[in-house]
Amino acid sequence: MVRFSEKLHVENRQIWQQSKDHLFVKRLADGSLEREAFRYYLLQDHYYLTHYVKVIALGIAHADDYGAMIELSQSLASLENSELRMREIFYPAVGIEMADLEGIVPSPAAYHYTSHMYRIAGSQSLGRILAGILPCYWLYREIGEQYAGQVSPDPLYQAWLAIYQDAEYAKGLQRQVDLLDRIAKTLPDSELVAMQDDFRISSYAELAFWEMGLRQETWGERSDLDDELATY
């Protein structure tokens, strides 16, 4: 029997490949990404993660079984360790100080992604929350795997890639995938359909995040969509 997580993975394979092949990620791997773009990405990622943590906490609050609560609590601890590593290694290298992390103005991509997660959390459904947060965890692992065969000539970017190539990261991801599959078995078809939608939207939001980093997107920019709408 096909696991629900496998179904989600297959359905979003093309979206994920666009992320893995995105120019931002490729330039990380070949060392050519501008430092300012990476700095902007890190600031926006910090904004995203502060809300990601809150959504996980809401997932714990809505969990009915003790095992799920423990598993999500472990995810929070893992995120805390990752954030500490970011502050120790990456932030100083790009000139990010603690003051820079206060009052970050979210890009459109970061704002819409976190708004999507809060919308899911408002459903008070653990299954939907898991489906909404999993693409971030899972996609980053696949990015690490895709570029495992090469070493970025920029040590900072290689250190970033190595996080998602680490065996411990893979173990943590597998626990999250297993938890989603376990919860999915208890849910009606209508809930599973909603989870598919949530997972897909988060997958597109991940793709938009790379583009945001590459362009250092701000609210003042005109996107291609804006140009199209202006013709009507």
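A residue counts as buried when its relative accessible area is under 20%, as exposed when that area is over 50%, and as partly exposed in between. Keep that in mind as we walk through this predicted model.

Let's start with Gln-216. Its relative accessibility is 23%, so Gln-216 counts as partly exposed. You'll find Gln-216 in the loop between helix 10 (189-215) and helix 11 (224-230). Take a look at its backbone, too: Gln-216 has a positive phi of about 50°, although it is not a glycine.

Now hop over to another loop, the one between helix 6 (108-121) and helix 7, where Gln-124 lies. Gln-124 isn't a glycine either, yet it has a positive phi of about 60°. Is Gln-124 buried or exposed? Gln-124 counts as exposed, because its relative accessibility is 55%.

Next, follow the chain into helix 7, which covers residues 126-146 and holds Arg-141. Why does Arg-141 count as buried? Because its relative accessibility is 14%, and the cut-off for buried is under 20%.

If you set aside the neighbours within four places in sequence, Arg-141 is in contact with Tyr-164, Gln-165, Asp-166, Tyr-169, Ala-170 and Leu-173.

Methods. Residues are numbered from 1 along each chain as its sequence is written. This is a predicted model: local features need pLDDT of at least 70, side-chain atom pairs count only at pLDDT 80 or more; totals for chains, interfaces and linings use all residues. Side-chain values use heavy atoms; hydrogens and water are left out. Helices (H or I, at least four residues) and strands (E, at least two) are DSSP runs, numbered from the N terminus. Buried means under 20% relative accessible area, exposed over 50%, partly exposed in between (1.4 Å probe, protein chains only). Contact means heavy atoms within 4.5 Å.
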